[in-house]
Amino acid sequence: MAIIVVEVMLKPEILDPQGVAVGAALPRLGFTFAKSVRQGKRFEIRIDGQPTPQQMQEIEKAAATLLANPVIETYVVTVQA
Amino acid sequence: MKVGVITFPGTLDDRDALRAASAAGTTAISLWHNDADLKGVDAVILPGGFSYGDYLRCGAISRFAPVMEKVIDAAHGGMPLLGICNGFQVLCEAHLLPGALTRNKDLHFLCRDQKLVIENNATAWTSDYAKGQEIVIPLKNGEGSFQCDDKTLAALEEEGRIVARYVGENPNGSRNLIAGITNERGNIVGLMPHPEHAIETLTGPSADGLAFFTSVLKAMVK
């Protein structure tokens, strides 16, 4: 079994008020290291066996049409054994 | 003239949209997200709410509802299509309109009476307004901040495709105070505030919203 991981982030130019709010909360707890915070999403898709090249193409397509909105987001697909 | 209003699981404002369409003199038809056809309607409204619980992204799952295939085809053919609030989000996710609606700048859910200026009165949904007319209708959303890239923004401005802008302070961080936009043809309009909640003063802040629904009646008669 493999897990296909799709990580989705807002494009850098898109305002991320949730990330900003998290970034503002960190120093209140004494964590003063963060210059900025951006918040994203992670999808874990389990499949039987290792993904075939064709499945990887389909996952790319699914990421671009449903999991991410390419107008405002970018995504990265990786495979965990 | 029949106006269809689509109910998705989680839609809230379908009844008010149906009522507004009736009040404007059209025959309002209720459509279901799982319908395979549009029951012969001449125009469609995607109402506000939280379709599919706003899971994934607002409007992202509704876009693939069975009824949307027919809606998208008909809109490409020129059928008037209005997306209000969550409906606007669905239109952007369906790429019928450019850009996307993101979380309000201050993260608050806003619910207030909002002043807008109508900047394009040449669309199927705004012909009963005067260009530059100011109206007050409710704004209520958590993800109403209109975002797009610079090139798209410049095109929207140059082509006069900004239908309505917020007047006064920017409520949610929308680029260029955008409250609503249209496509090149002017048959598809997406609007964040809610004209269907402002069709009479008994229940709304004004009756300013009614003209969206009377406008489309005229567009259909033409």
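This is a predicted model: local features need pLDDT of at least 70, side-chain atom pairs count only at pLDDT 80 or more; totals for chains, interfaces and linings use all residues.
Q: Thanks! How do the residues lining the largest pocket divide by class?
A: There are eleven nonpolar, six polar and eight charged residues in that lining.

Q: What volume does the largest pocket have, and which residues are closest to its centre?
A: Its volume is about 440 Å³. Of the 25 lining residues, Gln18(A), Lys41(A), Glu73(A), Arg57(B) and Glu143(B) are the closest to the centre.

Q: And which helices and strands supply at least two residues each of that lining?
A: From chain A, strand S1 (2–10), helix H1 (17–28) and strand S2 (40–47); from chain B, helix H3 (86–93) and strand S5 (100–102).

Q: What about the second largest pocket, what is its volume?
A: About 160 Å³. It is lined by 14 residues, and Gly49(B), Phe50(B), Phe109(B), Lys140(B) and Asn141(B) lie nearest its centre. By class, that lining has five nonpolar, five polar and four charged residues.

Q: Switching topic: what is the strand order in the open sheet of chain B?
A: The nine strands run S2-S1-S3-S4-S11-S10-S9-S6-S7, with mixed pairing. Strands S2 (27–32) and S7 (134–141) of chain B are at the edges with a single partner strand each, so one side of each has no neighbour in the sheet. From one strand to the next, the twist averages 25°.

Q: Do S9 and S10 of chain B run parallel or antiparallel?
A: Antiparallel, with three bridges joining S9 (residues 162–166) to S10 (residues 178–182) in chain B. Ala164(B) stands opposite Gly180(B) there.

How values were computed
Residues are numbered from 1 along each chain as its sequence is written. Chains are lettered from A and ligands numbered from 1 in the order in which they are written. Side-chain values use heavy atoms; hydrogens and water are left out. On a 1 Å grid over the protein atoms alone, a cavity is a set of points where a 1.4 Å probe fits but cannot get out, and a pocket is an open set with protein on both sides within 12 Å along at least five of seven lines; lining residues have an atom within 4 Å of a point. Grid points are joined across faces, edges and corners, and a volume is the space filled by probe spheres set on the points. Helices (H or I, at least four residues) and strands (E, at least two) are DSSP runs, numbered from the N terminus. Ala, Val, Leu, Ile, Met, Phe, Trp, Tyr, Cys and Pro count as nonpolar, Asp, Glu, Lys and Arg as charged, and the others, Gly among them, as polar. Two strands pair if DSSP finds at least two bridges between them. Axes are lines fitted to C-alpha atoms, for helices over the stretch in contact, and angles run from 0 to 180 degrees between N-to-C directions.
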